[in-house]
Every structure is written in structure tokens, then in C-alpha cells.
Amino acid sequence: MMLQELVARAAALHSDRAAVCFDECTGKPPAFYTYATMVELAVELTAFLQKHCGHQGKCEIGLYCYPGINLPSWILGILQVPAAYSPIDPDAPPTISTYFMKKSSLHYILVENDKINKFQMSHAGCIYHNSSAIEHIGLTLFQMNSSNTDFSSEVGSMKSKCEAFRAVDNLQPGFTVCPDQTEVKTSEAGYMDAGQKDTLAYVLHTSGTTGIPKIVRVPHKCIVPNIQHLKSIFEITQHDVLFLASPLTFDPSVIELFMALTSGASILVVPNTIKMMPLELSAALFHRHHVTVLQATPTLLRRFGAHIIKSRVLSANTSLRVLALGGEAFPALSLVKSWKHKENKTSIFNLYGITEVSSWATCYKIPEEVFSADFRTDFPIPLGSPLLGTKVEVRDANGSAVLEGEGQIFIGGEERICFLDDEVTVPLGTMRETGDFVRVKNAKLFFLGRKDNQIKRHSKRFNIEYLQQVAEDLGQVEACAVTWYQQEKLILFVLPKDDFEERETLKELQKRLPAHGVPDEIVVIKALPLTSHGKVDISELNKIYQNHLSSRRRDSKLSGAEELWERLQYLWKSVLGLPCNSTGIPKDAVFLYSGGDSLKALRFYEEIEMLAGKAVPGLLEVILSHSIGEVYRHILKILFPGEEQLMNPDNAVKRKLRGKSGEEFHGKYIKLASERDLEIAAGLIPFIALNRGNHFFPMDFTKSSMQPKNTVQVGVEALQQPSFLQFKAPGVLKSHVQGSELENSIVTLENKANENDHSSVQQIHAVCSHSSVAELALCVRWKSNTRKCVDASPLVIIPAKEVSASVYVGSHSHAMQAIDLDLGEIKWEKTLGDRIESSACVSKCGNFIVVGCYDGLVYVLQSSNGEVHWTFVTEDTVKSSAVVDPSSGLVYVGSHDQHVYALDIYKKVCIWKLHCEGGAVFSSPCLNFFPHHLYVATLGGLLLAVNPVTGSKIWKSHLGKPLFSSPHCNENYLYVGCVDGNLYCYTHSGEKVWQFSTNGPVFSSPCLSSLTKQEIFFGSHDCFIYCCNMEAVSTDGKVWILNAKTGTAEGVDKLPGEVFSSPVVWGTKLVVGCRNDYVYCLDLYTAGKKSSLDS
């Protein structure tokens, strides 16, 4: 299947839909072509080309144009000849374009009619003067001069300036590393032939940033699977609007165009000048045309600036469904989190690929949970899974496969083959060297940087991209880039935020980097210079630094407004290459419409600031968007405010950060109008409460009187029941659960193509014992719609008297629900002030439930009807789940305000509060009776033992990394998981007994069971459960039933959403929340039987 055939199929289905929209962004209405019109123009062009271009086997036709309304028709018209299209950038240096045209042996060039003069002046020696115009379509066909007499000298000149970038075939042709073995296998002999008719789709050249520009001829068979798979991943439909962000000479433009045109979607095209104007571009994309899919380099995205990204691109109500970033290293996660509104729903992807194997090779969807406020910012972003038909291998310097550790990526596939330079035939399965290095860990690939970015400084090797990653992670840096200037000085270029201070930034870098990685100098810039492909232009950065050095030696002083206008005109002419003796510049002249571009604008800006001798805030935006007259007035206001009548700036009004008029709320509570005194029944209401980790909270009744009928024994433990553990070294049994963290099983990752539907089948390890699966199963007993994600874990209360058991759970919809455990009927629902992620606990008397909320309040609700009994105000979000002392009735809860509180909910007072030394309390406190300790873990990495009566600290231990895990204890020991991948064991006196390491962060809380008293159970992000519990839930929505003794899978069921909630089990009922907005009650039953075990 060829590209034009896929477009024809979509056009037949969606002939009346808009295929392309061109918006000049000048106030005029945008132009639209339907699919029918686009195809009609393409057919006309095809007929013209078939008439005028001689058929000589393979055919390649150049296209010299700017993006416009006709662009899709022009490309489609060439493809239908059939021929390959070869885009030529009118703004590229003529030497590069000439080299490309001659090296590609182009015989014909289609030139946009209003670019003919520019084309003829730039390439006069390459063309015959006879040409054929197609006025209706806006193109003229030029035939190229076949003489290549000067070509060898041009190539020699190029080689003298560049070090060749080496593209290699397989070190062992036809070999591949298989997912389950390290030996190699030889594929069937076979070749792809570039000379075969209809093989090629397009011809490009590489950017030349890594050496001599390389000609890349791309077959249909190579690019079509790429487009089909990405369409599926991004879920493209005819209702989508995609933006043509990439220039035609950059192969991601092929993805943008044909993802849209093969789906019945619309492609939005704007002039190149608008792409350089962040305000105008964002208005076009997200205000006027509601773009839904955006593919861009991270540098191109940064050009919008943080304010526009937050307010438009990744805002709460943005139209953007998909943001796919590729072509450069993925930005620091902390930076992306700072851009993304907490209610934003845009799916963000990391793409990786090389032009030599056009276009993308891997794709990774960033999990939504990493954008939550509490998720660690050092979460590494992998390159992701191979796309359809693509093979990815990692090799060391000797060419051997790397399964763990560092190596270079090689990319290829059976038919994912392009022809480089003079190649005519290429063996099937050829792998291309990328020059990119990765770290392999747990079968995932993490980008380290290009081999070109390895430098030797102070006798030590250092990758300069690491400096960029560390700098971007700093809060005061908007964006940055690094150069190794003249192989002598390490220069960090910074696009600063408002609070940027160079000295403080340097101090932070010194803390986080080795001495040989600290930059020699920090240079503040207003925008990152880009190549035509949207990547950082290193050569331009070096020019900026040269100017920076020169500016130190300058002492330019302006006498007044008149001299400023004269010097400004001189700089305008100089930067734009205009004759200095030409007439004056009209005051309404706009820089970008006068021959300027983003690089020249940056130089113009630098020259003006050198002239001014000081920073001119907002200058670059004025240069890019306004006339020279407005540029002049903007500078005049800064340098000579007395020479123009200026209004005094409005006094800035500072926002108060504290709410409620800044009143100190700590230790107080809000008296609600509906609040009334409640009589606490004499004595305690007998009940059992089960919450996270299946913790029993039994009050005033015997065990035997409360057992459910036909109970299937589960791992639960009475709160005070001792569990004797003998520890020498922690023996661990682990069970592998396929979760959202599991991407692929090994280093060489392959998706095999199905020729009929382009579906992909990933080769992965088996993840459970199939011999034992299907012994047990789960079925949905009921589900309750909470209207938004349920991340909190349920609280189940089973009363002793003849009252139905209840499930209490909150959700992101602000709603707290009480649900009948047996029937699934909602008993009551209460709306709180904000989203709820805290799991509820029950009071000593059983009359109240206590739950934290994002609004900073701890709510005490009546368990019978949900009415508010009391609210206690903390100073930040409460995600911590409260715990109750069954002897005193005190409630202990943590807050993101870095305090833990002891509350008397009956007297409605705070007994004590304790500051936890700089770390928010996310997890739940843990109460122990002998000795009487309250254990608290913080996101600052501190584990505290506190006196529950007085609130005084008993001991503390610094673990160095955040603690999301809630500490749990038994008679002798305390356990807590850490994001450093360890489970820690302490005595109650604070002595560390042991630590056990996993291969991923530990966010889950450890669980102790009376069923297997010798073990403790916990999960890790390495996708293993260690000493597994009876039931487990992985974040991908699968509920696993595991044998607690052997760790083998006894059964598995899938919920229709991710699961962050911990399950609670009572009898054969399992209650768990899901991110599809529902809370579920599942029945455990034997496979093959329709009825559950307790029916």
C-alpha cells in the first residue's frame, strides 16, 4: 500500500470534509480545501507531470515552495505520477540546496510561481531556461541541467568543512537479537532495490549537524507502517485537526501530513513567519482552529514560553488531545509538570527516531500519574516501544548485544530500510548506527545523548547533555542549551524565568554536578536559536557567545532618541543584508516580512542590547511581531523615558498567597451552620473495620461472631495480634506481575507487522504460571459511579447488629459515598470542598468516619448519613489517611503542610501538632501499642517515631529519598518502602535491621498477614510483588489473585481503567476503586462456576 492510495481511500470516504486549512494570520478568513478539491487539483498536476516528465524507471521530482493551501495537492500530484517528491527549502543556503539537487540527480523541479526569481538567482547554473508553467495550480516546472562538472569539487568542499557521519550496515548483516536469547539468527537473504519502479515515496537530506548532509531515499514500505501505527496510538479520527509544524525537509512533516490525510482529518498550515511568533501561532492553533494533535521538537515547544504553554497549549480546557515530542531529548519531567495544568487531559508522548530510518522508531506514552503533584520529578522517561516493523538493538563497542548497561542504538527492520546517498540495493534487515547512546535497565532504553556530545574536560569524560538536563530541572530555568565553545569553555545558555539569579543558579549546579561538569559561564538569552528542523542551532549559539564577549569590550553610549533611530536603522540593514547607503527604513516595516527570520531576529536583538548597554525586557517579542517603529518606541521607553510622554506603570498588586484574608487557621476549626451536637451512644457500637492493606479494626465483639458465611480465608490481621518474625537475612519470594511499568522484555525489541491490518504483536516474557491460572476468578458484583477517578482505598465497616455492611470511599469528583456492601446501593453521598484521595477511617465509637481532602480540611462525617460533625483546617492538601487510637479515640493524620496532627473529634480540638522537618506527609501514620509509638513517613525522606500522647519525637531516621509508602509494624519490627527501591526494616528503638533492594521505586505500603506469619508483602515498580499477598492490583487495572505461599498466579481479572486504590477483602468480596470513575465490588469464584463461593 502506497501513501497516495491511503489518501485516495480516505478522500472517497470524506470527500466533503476539510482536508487542508491555510491561515495567513493577517485577519483575513482562512482558506479551506475539501478532500474532493484537494484530489481534483492533484489529478490535474499528475496529468501535467506525466505529459512533461520523461519516464526513466524511477522518478524523483523536486518541490521548491513554502507551505500553503496547495501543498497537499502538490505532494499528492507528484506521488500519483508515480514519483517521489523531494522538498527543497527556499530559505536554505544555496550551496546546500545545489548539493542536494545534484547529489540526488534530480531532473525536474516544481517551483512555486512567486519563488521563481529567487530560485533562478540561487541556482542559475543548474537549470535549463525552458520551463512549463501551470498557472491554475501555481507551479512552474524546470528541467535541470544534467552536467555535474562542478559536483566533485562541491563535495570536496563539503568534506573539508564537515567530518563525515558514518552510516553502517549490520556488523553481522541479517542478524538480530531475539527477546528470549542472546545468540543471533540469520534472516532470509533478500534485498530492497531503489531502482525498482514505484518504490520511493520521498527524498530528503539530513540536516548536516552531524557531518555532510546525507541523501535519504525513503520507500513507501518503510514509512507507511510508521504512519499507520502512530495513527492507531494517537487514535486519529476524521474529527482531528493536525498542525504542520515541521518543515517539508524534516521527515516528521510526512507523519503530520499523512496521519491527517489518510484519516479524513484536517491539516492546518500557516506561513513560516507565523511559526516564529508565539502569540500569533498559539492563537491560530488553539483559539481559532482548535488543533487536537501537535508533533514538535521540545525546543520548538519551548519557544511558546511558559505562560503560553500553561494558558493555551496545556491548559485545563485546551483542544489539544495529543502532544508528541521528538527529535531531541525529552525535557526534564519537572519542567513538563510545571507547564501542565492539573486538570489538563492532554496525552504526552516521547518519540525517538533518525532520518536514516524514516521517521520514528519508538514511542512512549507518559503515564498520567507522573504529572501528579506528589510524583517524584526524577522519574526517567524511556524511549518506549518499537513501532510497527521496527527493530531496535543496543550494542557495545565490540558489536555485542547489551542487555543491561550502556551502549549505542541501532535501528532497522526487515523492510524499514532507506537508501543513503549512492546506495541502490540494501539487504533486508539492515540496521543503521544512530550515534545515540542509551542505558538499558529492565529492558527499557533511557537516552544518554549523542556520541558527538561526549567531551573530555579536566581529564574526565562528560556528556554535555547531562548539564542541560540538570539545569532544566532547576525551577528558575525556562529552557537552556550547552556548547563546548572552541573545545575550551563549557557555556550554558539560559532562557530565564522571572526569579532567575545567575549566582544562585550556579550554586545549585555546583551541588548537583561533578566539578568537571560545572559550566565556565552562564549566558542569559531571550530565545533559543533553531535550525530549520526545529532543533537548537549550536553554531548560532557560538556566534551569540562571540557577540557576548565582544559586548564586554564595547562602551557604546547613545546621545538621545535621534541617534537611537539612526543606529537602529543601521543595525536593521546590517542584519538583513541590505545596502547601508539605501534609503531609510519605513516605520511600518516588519522584520520578518523584510527578509528576517528567527536567527536574524536573535542577532538583531543581541546587537540592540549591545548598543543599549543594558537589557531591554520584551524586546525580542516586539521584533518578531511588530514594526521597526514600535521596536524603536519600545527601546526609547527603556533608555530615554524623558523624551516621550509615558504613563507611569500601574502599581503591581501582589497576590496574597494565604487564603481567607491571611487568617491563621492552624489549630482552629470552622463552625458549620449545619453542625449540631451529637449524642454519643453509651458504650461502643460493635463493628469490624477493614481498610488499606486489609487492616482489621475490631471493636467489642468476638472473632467467631463476625465471620462471614462460607469464608475464603484471606490474609488479615488483628491490630494488636503479634506476628513473630525471625530475621537473619530477608528471604524473598517474588511474583512477576505485568503492570504499566512493564514495556518490553529485553533489549532487542520488535513489533511484527500483520500485512492485513497493520496490528502489532509485541514479544514479551510470560508473566505468570499458566499452569495455575484460571483456578480462581473474579466477577463484578456491583459498581458505583463516582463521576471521577477513585484513587482512595475503600473503608469497609461490618456492624455486629443486623445492619448491612457499608463501603466508604471518596473520589476526584469531591464526593464521598457510603455504599451497601452486598447490594451496591448508595446509602448516602456527601460533596466535600475538593478532590478526595485520602482513604477514610472510622472513629472509636463507630459513629463517624474521618477523611482528608485537597482543600486542606480533615472532615469528620456521621457514618449513618454523611452529615458534617466537625472540620479541622490544616494549611495544605490532606492526602494522608487518618488512623485512630482504639484506646483513647484520638485521630492522627498528616498534611502536605509538613505537620502531623492529633485530633480529639469529640471535643473538637487539636491535642498537638508536630512539624516533620521539611517534608510533606503523604502516607498514613502507623500506630503501635507496645511500645506506644506513632510512626510517620515524609516526602522529605524522614521516618519519625513520635509519642502519641505528647507529640514529642522519640527517634528519627533520614532515608534520603521520598517516602510515599505508609509504615507498617508488628510486635518486633517496623517496615517502610522507599522510592530508592528498598524496603527497610527497623526495630522499635530505631535501629535498622536490614534493607532489601528491588529494581524499581517502592510506592506501595508493606502488608503483614496472619496467614503467613513469617513474611511481609510489598510491591515495587519493577513489576514484581515480593512475598505476595492473597490479592494484588497492578496499576494497569489488572486484579491478580496470587498464592501467598508460592507467589504463583491463581487468577486475574481486568478493570476498565488504571488502579491506584488498594483493595479491601471481606469474605469472598473484594472492593477496589478504579480510575474509570467507578468503585467495584468483585466476587471471588471458582472458574467454570457462575455463582460465587458464598452464594
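The questions and answers below go through a predicted model, from the whole chain down to single residues.

Visitor: What percentage of the residues of the chain count as buried?
Guide: The chain has 20 helices and 65 strands, which are DSSP runs numbered from the N terminus (helices H or I, at least four residues; strands E, at least two). Buried means under 20% relative accessible area, exposed over 50%, and partly exposed in between, with a 1.4 Å probe and protein chains only. Of the 1095 residues, the buried share is 58%.

Visitor: How many residues of helix α8 are buried?
Guide: Helix α8 spans residues 252–261 and is mostly covered. Its buried residues include Ser253 and Glu256, as well as Leu257 and Phe258.

Visitor: Within what arc do the buried residues of α12 fall?
Guide: In α12 (residues 306–313), Ala306, Ile308, Ile309 and Val313 are buried. Seen down the helix axis, they line one face, because the arc that holds them, taken from the directions from the axis to the C-beta atoms, is 165°.

Visitor: Are α17 and α20 parallel, antiparallel, perpendicular or oblique?
Guide: The axes of α17 (residues 561–576) and α20 (residues 628–639) come within 11 Å and cross at roughly 135°. Axes are lines fitted to C-alpha atoms, for helices over the stretch in contact, with angles from 0 to 180 degrees between N-to-C directions. Angles under 35 degrees count as roughly parallel, over 145 as roughly antiparallel, 65 to 115 as roughly perpendicular and the rest as oblique, so α17 is oblique to α20.

Visitor: How many nonpolar residues does the contact of α17 with α20 have?
Guide: Among the contact residues are Leu564 and Trp572 of α17 and Val631 and Tyr632 of α20. Ala, Val, Leu, Ile, Met, Phe, Trp, Tyr, Cys and Pro count as nonpolar, Asp, Glu, Lys and Arg as charged, and the others, Gly among them, as polar. The contact has no polar and no charged residues, and its nonpolar residues number 10.

Visitor: Is Asp436 buried or exposed?
Guide: Asp436 is found in strand β24. Not counting residues up to four places away in sequence, Asp436 touches residues including Tyr352, Phe447 and Arg450. With a relative accessible area of 5%, Asp436 is buried.

Visitor: What is the phi of Asn442?
Guide: Most residues other than glycine have a negative phi. Asn442 lies in the loop between β24 (431–441) and β25 (444–450) and is partly exposed at 34%. Although Asn442 is not a glycine, its phi is positive, about 55°.

Visitor: Is the peptide bond from Phe930 to Pro931 cis or trans?
Guide: Most peptide bonds are trans. Pro931 is found in the loop between β49 (926–928) and β50 (933–937). With omega near 0°, the bond from Phe930 to Pro931 is cis.

Technical notes: Residues are numbered from 1 along each chain as its sequence is written. This is a predicted model: local features need pLDDT of at least 70, side-chain atom pairs count only at pLDDT 80 or more; totals for chains, interfaces and linings use all residues. Side-chain values use heavy atoms; hydrogens and water are left out. Contact means heavy atoms within 4.5 Å.
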